[in-house]
Amino acid sequence: MASILPASNRSMRPDKNTYERKRSVYVKNPYLEGMDEDILYHLDLGTKTHNLPAMFGDVKFVCVGGSPNRMKAFAQFMHKELRLEGDGEDIEDICAGTDRYCMFKTGPVLSVSHGMGIPSISIMLHELIKLLHHARCCDVTIIRIGTSGGIGIAPGSIVITDTAVDSFFKPRFEQVILDNVVTRSTELDKELANDLFNCSREIPNAPTLIGHTMCTYDFYEGQGRLDGALCSFSREKKLDYLKRAYRAGVRNIEMESTVFAAMCGLCGLRAAVVCVTLLDRLESDQINLSHDVLVEYQQRPQLLISNFIKKQLGLCDQMS
Ligand SMILES: O=P(O)(O)O[C@@H]1C[C@H](O)[C@@H](CO)O1
Ligand SMILES: O=c1cc[nH]c(=O)[nH]1
């Protein structure tokens, strides 16, 4: 892989805005240390079969999102933005040996798909965090680039999450462990959210705001939709719920942010959630955007994150 930086700049010194300390990726599991081998089953990687420090030791940014195609497109986009060698069209899926998730590496940027919902992203994060730990990565920023339903804001807006909340508008993630419910904090990095927001001012046609993101276990009844196979509440109850969410500070709804915030926070990863909204849930439930509009909306957070990454790498001035 070609270096993206001129030789004089190879240490990838972050710009003055960035965070000085070295920050490791932690695993909080006393059993891991005693294991002879760690097989990252769903990623088709392992500590004995792969040289993880050589493959991933330089990773500084991890971007995750539900769809494999979106994450491949993001990797190809980053390849161009970072002016890496070649056109990036033949970029290789590192997890090609499994069809659970896909993973692409472009310089210091890893792009990984996580599927839909808390259980799916949670499995991916366990293995991804162990991967970053085994690879001895440090100072890693992880960003979820997703889609969402907005509340009271124009479709196509980008919401940068300040706090991920559950369906009761509470900043918590409840994990059932054995037969206990363990409550974990869903706080995200405020400085990172502000840095991203400042970056968004330079992106044309992408209205951006900071707000709470509600994370649910379901797309239909769980998000107050009237158009699922089941619906056990009235239109009035739906609107009352969504308006209460809005008054509690919620600006968008998706399905991964609470567990993402909880796990990344516990493991020392600087984390952010940046989602575009596909509709205003006070207006409708069905997503009826044309393919082209959907693609353009999904590119908005990608543009913002690419700008942010280039700034962090000190590449913006050299490239403009
Ligand atoms: O990252 P994506 O766009 O997949 O996130 C949202 C939340 C669910 O996973 C999915 C529902 O359509 O979209
Ligand atoms: O309404 C929406 C749109 C995308 N993703 C969600 O979870 N909800």
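Residues count from 1 along each chain as its sequence is written, and chains are lettered from A and ligands numbered from 1 in the order in which they are written. Because the model is predicted, local features need pLDDT of at least 70 and side-chain atom pairs count only at pLDDT 80 or more, while totals for chains, interfaces and linings use all residues; side-chain values use heavy atoms, with hydrogens and water left out.

## Ligand 1

Who sits around ligand 1? The shell (residues with a heavy atom within 4 Å of the ligand) is made up of G65, G66, R70, H114, M116, G117, R144, G146, T147, F219, M255 and E256. Sorted by class, that gives three nonpolar, six polar and three charged residues. For that sorting, Ala, Val, Leu, Ile, Met, Phe, Trp, Tyr, Cys and Pro are nonpolar, Asp, Glu, Lys and Arg are charged, and the others, Gly among them, are polar. Strand β6 (residues 141-150) gives the most to this shell, with three residues. Helices (H or I, at least four residues) and strands (E, at least two) are DSSP runs, numbered from the N terminus.

The polar contacts in the table are pairs of N or O atoms within 3.5 Å; within protein, one must be able to donate a hydrogen and the other to accept it, and residues adjacent in sequence count only if both atoms are side-chain atoms.

| Residue | Part of the residue | Ligand atom | Distance |
|---|---|---|---|
| G66 | backbone N or O | oxygen of ligand 1 | 2.9 Å |
| R70 | side-chain N or O | oxygen of ligand 1 | 2.7 Å |
| T147 | polar side-chain atom | oxygen of ligand 1 | 2.5 Å |
| G149 | polar backbone atom | oxygen of ligand 2 | 3.5 Å |
| Q223 | side-chain N or O | nitrogen of ligand 2 | 2.8 Å |
| R225 | side-chain N or O | oxygen of ligand 2 | 2.7 Å |

## Ligand 2

Ligand 2 has T147, S148, G149, F219, Q223, R225, I253, E254, M255, L279 and I287 around it. Here the classes split into five nonpolar, four polar and two charged residues. β6 gives the most to this shell too, with three residues, and both β6 and β11 (250-254) supply at least two residues each.

As the table shows, R225 puts a side-chain N or O atom 2.7 Å from an oxygen atom of ligand 2. The protein covers 93% of the 240 Å² of accessible area that ligand 2 has on its own. Accessible areas come from the Shrake-Rupley method with a 1.4 Å probe, and for residues only the protein chains shown count as cover.

## The loop between β10 and α5

T216 is in the loop between β10 (208-215) and α5 (235-247). Is T216 buried or exposed? T216 is buried, because its relative accessibility is 1%; the cut-offs are under 20% for buried, over 50% for exposed and in between for partly exposed (1.4 Å probe, protein chains only). Its side chain reaches the backbone oxygen of D218 at 2.7 Å and makes a polar contact with the side chain of Q223 at 3.1 Å.

G228 is in the loop between β10 and α5 as well, but it counts as partly exposed at 23% relative accessibility. G228 and D285 are 57 residues apart in sequence, yet their C-alpha atoms are 9.5 Å apart in space.

In helix α4 (residues 190-200), the buried residues are L192, A193, D195, L196, C199 and S200. Down the helix axis they fall within an arc of 160°, so they line one face of α4; the arc is that of the directions from the axis to the C-beta atoms. These residues pack against β6, β7 (158-165), β10, β12 (270-280) and α7 (291-312), where contact means heavy atoms within 4.5 Å. At the start of α4, a side-chain oxygen of D189 comes to within 3.1 Å of the backbone nitrogen of E191.

Why is α6 described as largely enclosed by the rest of the structure? Eight of its ten residues are buried, so that is how it counts. Those residues are S257, T258, V259, F260, A261, A262, M263 and C264.

T258 belongs to α6 (residues 257-266) and has a relative accessible area of 2%. Leaving aside neighbours within four places in sequence, T258 is in contact with I118, A164, V165, D166, R172, F173, T186 and C215. Just after α6, G268 takes a positive phi of about 80°.
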